[in-house]
Amino acid sequence: MKQDILLGVASTVVPADQTGRSRSPFFMGMAQKANQLGAEFVLFHPDDIDVTQKRLRGYIMHDSSVGQRHGWVKRDVRLPDAIYENVFVHLVMKGMTRPLRNFAARENVPLFNPILPGKNTMSHIVASLPQCALKVPTTRLVTSVKDIADMLAEYETVYVKPTGGYGGRGVLRVSKVGGAVVVDCDRYLELGKMHRRFVGNEWEGFLQRIIARRAHIVQEQIPLLQMGGAKVDFRVVAQRNKSGRWVMVGLVPKVASHNGVVTNLIAGGTRVTVAELRKRIADQIPLQALEKSAICLSEQLSRRYPNLGVIGYDLGADASGRVWFIEANPKPARRLLFPELRRQAGDLAVEFAYYLASR
């Protein structure tokens, strides 16, 4: 086993240089956990690596200050033995972490999480794993409006999603209502909610302009459980511990807004506790099946992506108790987790980094 293990976390949420005050107690908890494991911890901005000297400028906490409000000090340190890339997803999609990832690969520094494939490929991967007991909605890659029209003729309500989207942004619900086609979206471009009703074939021109901008998939609508007439799905978060084994972090029900398209909090959804959900709906909630499927899928995915250590699934359940796969998120939003789960997520991220560094 390596001595003096140094664990690194790359983030844009770094302490203020003048005060050493952190904007996130989450990272203080991680530093404390690293200290308990006998490892050192450095928090750094992804731009602060010197690729020539193979060193970085990052923030270290004094031993006497771990867990306190103050105590971060910027230091020049060697490369970490493992890195947790924890940059916001919208910045990752703009390419901010690409140099860091390339550098870590060249220097054989294990980094997690890996970039996972988009929604279309991931749906096909999950469909190929019957042992995980997840039903995958019929999914097609959109090559033209005809793909959407064909699915709409079969299912009457379909979802059109950007293959690399996040936060419910740009997810459209397309429905046949009487002789019209209705298109709804909770986060449409920069305009927020959108509701359009089309007669004839006007909807085809509208969607053609949207799908021309980026790749999309079209899926059948999942018959999700409902609470007060609003759709419910579940964020199920799993992580790997210091032995490299997958464990459950938590399961959080999410409820869409009235007539909402998606359940994402940023798109108007809300989170509730399992206890509250049980009081509000009559259907059985297959909690054990949801957790079992999440662990099974995590184990299978980590065979393909060995450095996968954190993943959040959006899973659904229908009235018959079947568990449906909606999507996988390698950067599950921490704010969705309740405080005790958030602390556990930080501890497990440190444990998995320690596992990677110790191999």
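Which residues have the most contacts inside the largest nonpolar core? The views below start there, in what is a predicted model.

**View 1. The largest nonpolar core.** Welcome to the core of 37 residues, where Phe234, Leu297, Leu315 and Phe325 have the most contacts. Two or more of its residues come from each of these elements: the helices α4 (119-127), α7 (274-280) and α8 (287-304), together with the strands β15 (230-240), β16 (246-255), β18 (310-317) and β19 (323-329). Helix α8 is the biggest giver, with 7 residues in this core.

**View 2. The surroundings of Leu297.** Now let us look at one residue and its partners. Leaving aside residues up to four places away in sequence, Leu297 touches Val126, Leu129, Cys132 and Leu134, and also Tyr313 and Phe325.

**View 3. Helices α5 and α6 crossing.** Two packed helices are described by the angle between their axes and the distance between the axes. Here the axes of α5 (residues 145-155) and α6 (residues 202-211) come within 9 Å, crossing at roughly 125°. The two helices are therefore oblique to each other, and their crossing is right-handed.

**View 4. The contact of α5 with α6.** On the α5 side, Val145, Ile148, Ala149 and Leu152 make the contact. Helix α6 meets them with Trp203, Glu204, Leu207, Gln208 and Ile211. Sorted by class, this contact has 7 nonpolar residues, 1 polar and 1 charged.

Note on methods:
Residues numbered from 1 in each chain as written. Predicted model: local features only at pLDDT ≥ 70, side-chain atom pairs only at ≥ 80, totals over all residues. Heavy atoms only, no water. Core = buried A, V, L, I, M, F, W, Y, C linked by side-chain atoms within 4.5 Å. Buried < 20%, exposed > 50% of the residue type's maximum accessible area, 1.4 Å probe, protein only. Helix = DSSP H or I, 4+ residues; strand = E, 2+ residues; numbered from the N terminus. Contact = heavy atoms within 4.5 Å. Axes fitted to C-alpha atoms, helices over the stretch in contact; angles between N-to-C directions. Parallel < 35°, antiparallel > 145°, perpendicular 65-115°, else oblique. Left-handed = near helix turned anticlockwise from the far one by under 90°. Nonpolar A, V, L, I, M, F, W, Y, C, P; charged D, E, K, R; others polar.
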